[in-house]
Amino acid sequence: MGIYFNPGNEGFEEAVRSEIYVDKTGLINSVNKCLSTEQKFICVSRPRRFGKSMALKMLAAYYDCDCDSRKLFAGLEIEKSRSFEEHLNQYDVIFLNMQQFLIEAKGQEITEYLEQEVLDELKEKYGEYLKKQDSGLAAALRRIYAKSKKKFIFLIDEWDCVMRERQESESLQKQYLDFLRNLLKDQIYVALAYMTGILPVKKYGQHSALNMFWEYSMTNQYIFEEYTGFTEEEVRALCQRFHMDFEKTGSWYDGYRFKKFKHIYNPRSVVAAMTCQDFSSYWTSTETYDALKIYMDMDFDGLRADIVQMLGGGCVRVNTFSFQNDMRNFRTKDDVLTLLIHLGYLGYDSETEEAFIPNKEIIREFENAMSVGGWSEVVRVLKASEKLLEDTLAGDEKSVAAGLDKAHTEVSAILTYNDENSLGCAIGLAYYSARKYYRMIRELPAGRGFADVVFLPLPGTGKPAIVVELKYDKSAYAAIQQIKDRNYTQALEGYAGEILLAGINYDKDNADKPHSCIIEKVEKL
């Protein structure tokens, strides 16, 4: 057993022995289908805390021919697969953590240091085939295959660290990508190359060093959706086991959305919440909000408006295809938003091509980033939102209208009202603090149509539900009447608490008091 060559199964064994282990071994079956095929080059990119390294340790334990992992996988999902026996502990594995090489190389070239380290370990097993002292890693592996017909599995962690941590060095990035291309592309000794990082494969204009890789990123995980984070079913089981509220867990850590799996949870944060028995932002323990602020403050037209719209609970269209997959070259606001999707600060719906802020944990990060300057008008709206909610719950229609007027004045330079959708985003921002007590849902199917905004109280808060209908250049009376006529309260079927109906209108021609409001209370269902 080596460090890089056939590293063994101890890393995965530690995971399985942990108090919380969620079985993701089904991933192995999907990967087995790619072995020695044209799909054998896999790049899986996810944010930090989403189990990338864990998946690599699992694959190493399964494929490594120098260890016996049968007992380790006993009772797990992969054991049921027909491919389990065929590939279990049948391959030489080369496991490369690029972050480690980047740190340890020091004055030496990262790729030169890597080759030297891996070749030293290869010689222990295949030294009889490696006679030339000046052989590079690719040449050595070709010779080994020619003599033994043994193929290798490459597992590469933090593959993109050069792009992230050496942003200013285009030459180093290109040299690194050329090394990976020479090591992997069109090489007969490759049975599988599975690499993970935060960013998808780097684009270099006409220079496409790693175009053989199939990409699975936060914009589309395809067949790996189920293994990207915790699913709703997995989190529900954990909540039952640890006696934690499932609805609150969802409001804090749910929100990442794919085509098949609409609810994907941040796995590390869920584990931390279950272990600590506390709902909190565990994001900050591994990431500083300064990283988010840098990108929020970039001077691209429309970026601030999009962020405000998402803070208000809205979604924004994003073109993810122009992004160069690095952290330096930005040409449009879409490039910035795409990076935030890959970093996990935004969720993404590939069917609608829209981005959004996924959950309460991430909202806290945006709050922290805005609190240190540059977003003072938005911060003032957020601070006033507690009073606005109090006035709403008290049925104080005049104070609510005045509060909405003030909030509109604060953000009018950023977010322009031009229809009911933009009004909805502004209302969501004005009621920002309500998310402590409520799950805010935009465009909720209800009765005969969609309720514009519904505030559904979280368990134990004791707050009434609120159904909001918005009108633009009509009347608050028309808004409240629509809630009744179309039976929007039907969306709360099964809810047994009080319900407030709020009709809000914005009159663009009334400069002094553009908002009007009617609030009514209805009986418990």
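Modeller: Two strands are said to pair if DSSP finds at least two bridges between them. Strands are DSSP runs of E with at least two residues, numbered from the N terminus. The model is predicted, so local features need pLDDT of at least 70 and side-chain atom pairs count only at pLDDT 80 or more, whereas totals for chains, interfaces and linings use all residues. Residues are numbered from 1 along each chain as its sequence is written, and side-chain values use heavy atoms, with hydrogens and water left out.

The strand to examine is β4, residues 190–197. Strand β1 (residues 41–45) runs parallel to β4 and is joined to it by five bridges; here V44 has T196 as its bridge partner. Strand β3 (residues 152–157) also pairs with β4 in the parallel sense, over five bridges, and in this pairing Y194 of β4 stands opposite L155. β4 is mostly covered, as eight of its eight residues are buried (under 20% relative accessible area with a 1.4 Å probe, protein chains only).

As for the cores, a nonpolar core is a set of buried Ala, Val, Leu, Ile, Met, Phe, Trp, Tyr and Cys residues joined through side-chain atoms within 4.5 Å. The largest has 76 residues, and F455 and Y431 are among those with the most contacts inside it. Beyond its neighbours within four places in sequence, F455 is in contact (heavy atoms within 4.5 Å) with residues including Y431, A434, M440 and I466. Another core, of 47 residues, lies apart from the largest one and includes F41, A138, A140 and Y145.

Notes
Buried < 20%, exposed > 50% of the residue type's maximum accessible area, 1.4 Å probe, protein only. Helix = DSSP H or I, 4+ residues; strand = E, 2+ residues; numbered from the N terminus.
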